[in-house]
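The following exercises are to be worked through with the sequence and the structure at hand. Each task is followed by a solution in steps.

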Amino acid sequence: MTAPNRNTLWGRAVAEELARAGVEAVCVCPGSRSTPLTVAVDAHDDLTVYSHLDERSAAFFALGRGKRTGEPTAVVTTSGTATANLHPAVMEANQARVPLLVLTADRPPELRDSGANQTVDQQKLYGDAVRHYRDLPEPEADDRKLRSLRASVCRAVGETTGANPGPVHLNAPFRKPLEPTDVPGDVPEDFADEYPLAERGRDDAPFVSVDHAPARPTDATLDALAAAAEDAERGLLVAGPEDDGLSGDAASALAEATGFPMLADPLSDLRFGPHVGDALVVGGNDAVLAADPPALDPGPDFVLRFGASPTSKPLRKYLAASDARQVVVDPAGGWREAEFTASDLLAADPDETARGIAERVDSGRDAWTERVLDLDARYWRTVADFDPDALLEGDVARVVAADAPDSATVFVSNSMPVRDVDRFAEPRTADLTVLGNRGASGIDGIVSSALGAGSATDDPLVLLTGDVAYYHDSNGLLALERCGVDATVVLVNNDGGGIFHMLPIEAFDPPFTGQFKTPHGLDFAPTGDTYDLEFARVETIEGLREAYRQSVGAAGTQVLEVRTDAAASHRERERLQSRLADL
Ligand SMILES: Cc1ncc(C[n+]2csc(CCOP(=O)(O)OP(=O)(O)O)c2C)c(N)n1
Ligand SMILES: [Mg+2]
């Protein structure tokens, strides 16, 4: 059956190619100009539509889903300022390399820069933050144009994945009528018979199948790296934040062959999982490496690095101060090394590289390995014995990671939560997928990103967040009901930005309290009624443990608020730090 008008034909082709190219979900925001796209994705059997009212939340929800699945989620918006609300998530997707496909509807070209309503300049709106941009042609029932449209959508989906995944922007102009109303003659009666490929595409396959083969390191490169690893006296692996980087199995093979311990960032996807133990995973970088005198001295003479720049500043500084040879393995050949200390960049698939080295090396554990593992064991014993009088922020992070069920998806907000997970979350063999927005480290969109990740898994979903981040994206809580996600939200409420106590500005008050710490005195309990969730306040570590245990096993969403004292929590972190001198 031929479409009632060109816009319907166009929207349907977009939806078909999205689904055939592997997109499973589309976040749709209400608006008129995007009607042809909205009607088409809503009607498509293979696309799950998540309806969002706030575009910023929609884009972060899609981002979170992309982080969890490694596949792009699409976002559809109307024209105008709606499109700019996607920008923070696009930036994060760019820098954290998360697949994301943005479809913005636009007014027809002659109305651009004319003063027409809800018309803004959407051309290349996100600049260099997207892997690919295309202004689609105006819809028309035309063989070549429709083939070009189908190819453009497949190309766009393809550009979101591969060695350098990220966001892609398609801008789609439409003129009225936008609804599936009959426009006689707009699509010729015989169009489907004349041009079946343009009209229907390839039925069960995308119009263009895009396949990105991983970049394999050459034998010569692997031989050289293996020789360097064999020669090293104190080798170290560093795994930075990466959603889809080195796998646990490849990390284990590398550790087995080289005996190198691995400093695993909490967001590396290697701090937790069945490989821990085999892969010689150590953690607590934020505390251990900041110890004075240094706990690991002399340091490594050879470092193999995977993932982005580590969250832990002490780890970054430690690497910067080292004169070891440092090889960064980056599948996209990107530059994510802001200490400017790497000596080699290898643009190759991390798993291929790790396995290739492992096959060529047989040196195994030595005294250096045992020293690092022993230090790690003593560090975690110190953390376990550390018993502050009050329930403080580090304890919350410890409970969230230690008591998370096997398996679980744990989204960790920026600011102190991710740092506390680094410092207080001991490596475990439980299958925890720990995610965060560390590409641009915004405290915006955290709730939505977490719920988007939760929408893509049957795992229990946990969000560990600060109060400012919770407030910032409280709009995102609407997705609990609208998108059918359950979560356990552990809300660390220290009445403002506790992180700023760590900065020298703390000593300058004013403006410290009013402009940096920003206590707000907000009572978050009413978000329980507003968003139909259970809100509970916990006061003790036992209370937190019990409420957490119940929540992760229960249906519905529970917010567990822990009120903490930011300054006291910092003093406790320092007290832990001072004990490390004795390790
Ligand atoms: C969108 C955005 N705005 C501002 C900042 C700067 N910033 C970093 S941490 C922070 C405070 C976060 O407070 P909260 O979520 O309560 O965490 P806490 O510092 O208390 O651990 C702010 C405003 C940012 N990273 N992102
Ligand atoms: Mg706070």
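**Exercise 1: The surroundings of ligand 1**

Ligand 1 is surrounded by 17 residues, and the closest are Ser 415, Asp 467, Val 468, Asn 494 and Gly 498; a residue is near a molecule or strand if one of its heavy atoms lies within 4 Å of it. The model is a predicted one, in which local features need pLDDT of at least 70, side-chain atom pairs count only at pLDDT 80 or more, and totals for chains, interfaces and linings use all residues. Residues are numbered from 1 along each chain as its sequence is written, chains are lettered from A and ligands numbered from 1 in the order in which they are written, and side-chain values use heavy atoms, with hydrogens and water left out.

Solution. 

Step 1. Begin with the polar contacts, a polar contact being a pair of N or O atoms within 3.5 Å; within protein, one must be able to donate a hydrogen and the other to accept it, and residues adjacent in sequence count only if both atoms are side-chain atoms. The side chain of Ser 415 places an N or O atom 2.5 Å from an oxygen atom of ligand 1. For Met 416, a polar backbone atom is 3.3 Å from an oxygen atom of the ligand. For Ala 469, a backbone N or O atom lies 3.0 Å from an oxygen atom of ligand 1.

Step 2. Consider the area next. Ligand 1 taken alone exposes 590 Å², of which the protein buries 74%; accessible areas come from the Shrake-Rupley method with a 1.4 Å probe, and for residues only the protein chains shown count as cover.

Step 3. Assign the shell to elements. Helix H15 (416–424) and helix H17 (467–472) are the elements that give two or more residues to the shell around ligand 1. The largest share, 3 residues, comes from H17. Helices (H or I, at least four residues) and strands (E, at least two) are DSSP runs, numbered from the N terminus.

Step 4. Sort the shell by residue type. It divides into 7 nonpolar, 8 polar and 2 charged residues. Here Ala, Val, Leu, Ile, Met, Phe, Trp, Tyr, Cys and Pro count as nonpolar, Asp, Glu, Lys and Arg as charged, and the others, Gly among them, as polar.

**Exercise 2: The magnesium ion**

Task: Which residues coordinate the magnesium ion (ligand 2)?

Solution. 

Step 1. The donors are Asp 467 (OD), Asn 494 (OD1) and Gly 496 (O), at 2.0 to 2.1 Å. Donors are N, O and S atoms within 2.8 Å of the metal (3.2 Å for Na, K and Ca); water is not among the atoms, so sites may look incomplete.

Step 2. Along the sequence, the donor residues of this ion follow the spacing D-x26-N-x1-G.

Step 3. Asn 494 is buried at a relative accessible area of 8%, and Gly 496 is buried at 4%. Buried means under 20% relative accessible area, exposed over 50%, and partly exposed in between (1.4 Å probe, protein chains only).

**Exercise 3: A parallel sheet**

Task: In what order do the 6 strands of the open sheet stand, and how is S10 placed?

Solution. 

Step 1. The order is S9-S8-S7-S10-S11-S12, with parallel pairing; two strands pair if DSSP finds at least two bridges between them. Strand S9 (281–282) and strand S12 (344–346) are the edge strands, each pairing on one side only.

Step 2. Strand S7 (residues 235–239) pairs in the parallel sense with strand S10 (residues 302–306) over 5 bridges. Leu 236 stands opposite Val 303, and Val 238 has Arg 305 as its bridge partner.

Step 3. S10 is also joined by 5 bridges to strand S11 (residues 325–329), again in parallel. There, Leu 304 stands opposite Val 327.

Step 4. S10 is largely enclosed by the rest of the structure, because 5 of its 5 residues are buried. Phe 302, Leu 304 and Phe 306 cover one side, and Val 303 and Arg 305 the other.

**Exercise 4: Backbone exceptions**

Task: Where do cis peptide bonds occur?

Solution. 

Step 1. Most residues other than glycine have a negative phi, and most peptide bonds are trans.

Step 2. One cis bond joins Asp 406 and Ser 407, with omega about 10°. Ser 407 is in the loop between helix H14 (393–402) and strand S13 (408–412).

Step 3. Another cis bond joins Pro 510 and Pro 511, with omega about 10°.
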